[in-house]
Amino acid sequence: MTVSAHVLDGVRGGPVAGVGVRLDRLRGDGTWHRITEGTTDRHGRFGCFESGGLSTGTYRWVFAAGDFFARQNVSSFHPEVPVVFAVEDSSQKYHVPLLLSPFSYTTYRGY
């Protein structure tokens, strides 16, 4: 199973490199457990490829949008963007594109 993210710039119309991102899993006690973290590559992508697969459950990508825009001296509204999603079939791919701009974002399940 793979879980991946892709950050795209909604203003400039291209991939966003260097965005901090982490993947968390919701535990039964209601707390989040960090699985992995890093930054998007030059193509705006970051992936987590688990041998044996991730189990079903609730996960979230957290994107450090505010840090990214601050490095560009651009004011922004969202310091971070959490995207919570459910893994119902651990044999599938879960790809989450994020279209990002300083004052808004949108996301969807990609393939």
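In strand β8, the bridge partner of Leu-8 is Leu-99. The model is a predicted one, in which local features need pLDDT of at least 70 and side-chain atom pairs count only at pLDDT 80 or more, while totals for chains, interfaces and linings use all residues. Residues are numbered from 1 along each chain as its sequence is written, and side-chain values use heavy atoms, with hydrogens and water left out.

The predictor's confidence in each residue is given as pLDDT, from 0 to 100. The protein chain averages 92, and 95% of the residues score at least 70.

Two strands pair if DSSP finds at least two bridges between them. Strand β1 runs parallel to β8 (residues 94–101), with seven bridges joining them. Two bridges join β1 to strand β2 (residues 14–15), and here the strands run antiparallel. In β2, the bridge partner of Leu-8 is Pro-15. β1 and β2 form a hairpin with four residues between them, and Gly-13 in the turn has a positive phi of about 75 degrees.

Accessibility comes next. A residue is buried under 20% relative accessible area, exposed over 50% and partly exposed in between (1.4 Å probe, protein chains only). Six of the eight residues of β1 (residues 2–9) are buried, so the strand is largely enclosed by the rest of the structure.

His-6 has its place in β1. With a relative accessible area of 12%, His-6 is buried. Its side chain reaches the backbone oxygen of His-43 at 3.0 Å. Contact means heavy atoms within 4.5 Å. Leaving aside neighbours within four places in sequence, the residues in contact with His-6 include Pro-15, His-43, His-95 and Leu-98.

In soluble globular proteins, nonpolar side chains tend to be buried together. A nonpolar core is a set of buried Ala, Val, Leu, Ile, Met, Phe, Trp, Tyr and Cys residues joined through side-chain atoms within 4.5 Å. The largest such core here has 24 residues, and those with the most contacts inside it are Leu-23, Trp-61, Phe-63 and Phe-85. At least two residues of this core come from each of β1, β3 (20–26), β5, β6 (57–63), α1 (65–71), β7 (81–87) and β8. Leaving aside its neighbours within four places in sequence, Phe-85 is in contact with residues including Val-3, Leu-23, Trp-61 and Val-96.

Aromatic rings can be followed separately. Rings of Phe, Tyr and Trp (its six-membered ring) pair if their centres lie within 6.5 Å; planes under 30 degrees apart count as stacked, over 60 as edge-to-face and the rest as tilted. A search of the whole structure finds five aromatic pairs. One of them is the tilted pair of Trp-61 and Phe-63, at 6.4 Å centre to centre with 35 degrees between the planes. Trp-61 is buried at 0% relative accessibility, and Phe-63 is buried at 0%. Phe-68 and Phe-69 form an edge-to-face pair, 5.1 Å centre to centre with 65 degrees between the planes. Both Phe-68 and Phe-69 are buried. Phe-46, Trp-61 and Phe-63 form one aromatic cluster.

Conventions: A polar contact is a pair of N or O atoms within 3.5 Å; within protein, one must be able to donate a hydrogen and the other to accept it, and residues adjacent in sequence count only if both atoms are side-chain atoms.
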